Amino acid sequence: MSEIKIPIGPQHPALKEPESFSLTLEGERIIDAEVKLGYNHRGIEKACESRNYIQDIYLIERICGICSHSHSTCFVQAVEEIAGVEISARAQFIRTIVAELERIHSHLLWLGVAGHEVGFDTLFMYAWRDREAVLDILALISGNRVNYGINTLGGVRRDIDKEQSRKILEIIKQLTERTEYYIKVATNEPTFSGRLSGVGKLSTEKAKELGAVGPTARASSIERDVRRDDPYGAYAQIPFKVITDNHADVLGRTIVRVFELLESYKMLKYLVQNMPEGALTVKVPRRIPAGEAISRYEAPRGEDIHYVRANGTEMPERVKVRAPTLANLAAIREMLRGGFLADFPIVIAAIDPCFSCTDRAIQLVKDNGAETVDWRQLRDYSIDWHKKRGIDLSRI
Amino acid sequence: MKYPGKILPEVLKTAMKPPVTVRYPYERTEIPEGFRGKIHFDAKLCIGCKMCMRDCPAKAVEIEKIGEDKVFKATFYLDHCIYCAQCVDSCPKKALASTPEFELAHYQRDKLADIQK
């Protein structure tokens with residue numbers, strides 16, 4: 001049978017964000033896939049260099065709308081390490097509570113999206129209804145449903161009082177019941193498990209080789225979790241299990257996420273009940289001494305890495321973000337190979353992609369292939385581009 | 001036993017319940033206590049240190065001196081503001097405060113510059 005190459009994206013109904021995939025098909029089967037990044041470059045890293053550390057927290061927080069707390073915590077951890085500041089145990093606990101609430105809302109969101117992608121819209125509606133309760137709790141604690149803004153250099157901005165703790169526990173109890181019900185439905189519903197099992201296979205060896213992270217790696221029975229391997233925040237003090245599964249397909253990724261939800265409920269219960277007393281913030285100088293640090297964080301989608309270099313001024317010299325989706329994109333090719341074209345949306349959705357968070361480089365596609373440019377070349381290019389259209393931006 | 005339609009009993013149960021959505025703007029949900037809405041400026045407390053301007057990530061606040069004495073006015077660009085309330089935290093004299101006001105859309109852009117004296 002002859003091969004056909006079809007483009008999917010950058011704008012496509014199956015994708016929620018712009019990203020380009022080029023699939024080589026033989027009949028209905030995908031024999032190869034190519035991923036092209038760079039449709040959503042926002043220049044956040046560069047913008048960080050012209051703002052002070054306080055302003056950067058809010059900018060970094062807006063890398064991702066769903067795992068905003070992950071990115072901001074990862075960034076402040078790096079800055080605190082450079083400044084040599086140790087934050088209080090209470091602040092650590094509050095950061096961890098928000099982090100786990102964020103994981104719950106992100107996994108519930110994913111469960112809904114997965115249901116929607118396989119045509120199980122009832123699950124989508126129910127999962128998102130339950131997610132709403134988590135967002136309400138986050139709004140109660142931080143003042144906002146998304147982009148919580150709870151982190152600041154040297155601690156947290158808001159405290160959690162008795163009444164809020166009581167509400168958190170109440171919601172956890174409700175959600176535990178709901179999640180157990182979803183597990184029952186998902187495992188007993190043959191249309192759901194039949195649709196997901198065997199789709200998007202990623203063997204343990206391949207997952208290791210391609211550096212998969214987060215639930216994607218854990219579903220291929222790799223026990224990899226930054227919370228346990230390199231504990232930050234309050235994770236060193238709380239008991240929890242790293243959930244793995246050996247299905248190595250989309251069903252496995254669903255199982256890992258759903259059981260992680262149950263694990264998160266237990267962790268939250270422990271965190272809320274054992275919250276230590278202490279100050280919310282410690283003083284951090286406005287000018288961060290010269291130095292560099294790498295910070296790791298287990299975001300809902302996998303390991304998030306931030307690199308910060310300080311030069312003794314109020315602004316960082318360099319900020320580099322490696323979002324979890326970038327680590328999982330290499331595995332996408334492997335997962336798509338050998339599968340059906342119709343499985344494409346759910347395979348992509350199964351890594352819980354966040355393409356806007358991922359885009360860090362820009363590629364200019366010329367007639368004869370692609371070319372990578374650095375910041376200065378890109379600037380010159382954009383000045384030229386605007387000049388041809390009668391706008392002079394060279395003075396900016 | 002595995003058979004399709006496992007979620008059906010739940011669907012039928014939910015069909016009898018009222019919807020979980022709220023008929024905004026006729027009905028409103030409760031706004032949490034620490035909600036970060038429009039910023040309120042207290043001119044009596046402001047000393048004009050401009051810490052809020054330095055820390056604002058969106059360059060949405062401007063403090064200007066009016067008159068001879070140390071009297072200041074604040075301009076909030078509601079279209080720039082990301083409602084993070086960092087200015088409230090940065091202010092050493094507590095001249096700024098968050099309010100629960102969030103319905104700030106307007107047809108004219110210049111009306112979004114909120115001047116408080």
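## Interface between chains A and B

In this predicted model, 19 residues of chain A are in contact with 16 residues of chain B; two residues are in contact if their C-beta atoms, placed from the backbone, lie within 7 Å. At least two residues of the side of chain A that touches chain B come from each of helix H2 (53-61), helix H5 (121-142), helix H6 (162-188) and helix H7 (190-196). Helices (H or I, at least four residues) and strands (E, at least two) are DSSP runs, numbered from the N terminus. The side of chain A that touches chain B has seven nonpolar, seven polar and five charged residues. Here Ala, Val, Leu, Ile, Met, Phe, Trp, Tyr, Cys and Pro count as nonpolar, Asp, Glu, Lys and Arg as charged, and the others, Gly among them, as polar.

Residues are numbered from 1 along each chain as its sequence is written, while chains are lettered from A and ligands numbered from 1 in the order in which they are written. Local features need pLDDT of at least 70 and side-chain atom pairs count only at pLDDT 80 or more, whereas totals for chains, interfaces and linings use all residues.

## Helix packing in chain A

The axes of helix H4 (residues 89-117) and helix H11 (residues 250-273) of chain A come within 9 Å and cross at roughly 155 degrees. Axes are lines fitted to C-alpha atoms, for helices over the stretch in contact, and angles run from 0 to 180 degrees between N-to-C directions. H4(A) and H11(A) are therefore roughly antiparallel (under 35 degrees counts as roughly parallel, over 145 as roughly antiparallel, 65 to 115 as roughly perpendicular and the rest as oblique). Their crossing is left-handed, that is, the near helix is turned anticlockwise from the far one by less than a right angle; clockwise would be right-handed. Residues making the contact include Phe93(A), Ile97(A) and Trp110(A) of H4(A) and Leu261(A), Met267(A) and Leu271(A) of H11(A). By class, the contact of H4(A) with H11(A) has twelve nonpolar, four polar and four charged residues.

For H6(A) and H11(A), the axes come within 10 Å and cross at roughly 160 degrees, which makes H6(A) roughly antiparallel to H11(A). This crossing is also left-handed. Among the contributors are Ile168(A), Leu175(A) and Tyr182(A) of H6(A) and Val258(A), Tyr265(A) and Lys269(A) of H11(A). The contact of H6(A) with H11(A) divides into 13 nonpolar, four polar and one charged.

## Overall form of chain B

Chain B has three helices and five strands, in the order α-β-α-β-β-α-β-β along the sequence. Its radius of gyration, taken over C-alpha atoms, is 22 Å, well over the 13 Å that the globule rule gives for 117 residues, so chain B is more spread out than a compact globule; the rule is 2.2 Å times the number of residues to the power 0.38. The C-alpha atoms fill a box of roughly 80 × 30 × 20 Å along the principal axes.

Buried residues make up 21% of the 117 residues in chain B. A residue is buried if 20 or more other C-beta atoms, placed from the backbone, lie within 10 Å of its own, exposed if 12 or fewer, and partly exposed in between.

## Backbone details in chain B

Most residues other than glycine have a negative phi, and most peptide bonds are trans. A cis peptide bond, with omega about 5 degrees, joins Tyr24(B) and Pro25(B). Phi is positive, near 50 degrees, at Lys59(B), which counts as exposed with 12 C-beta neighbours inside 10 Å. Tyr83(B) has a positive phi near 55 degrees and, with 20 such neighbours, counts as buried.
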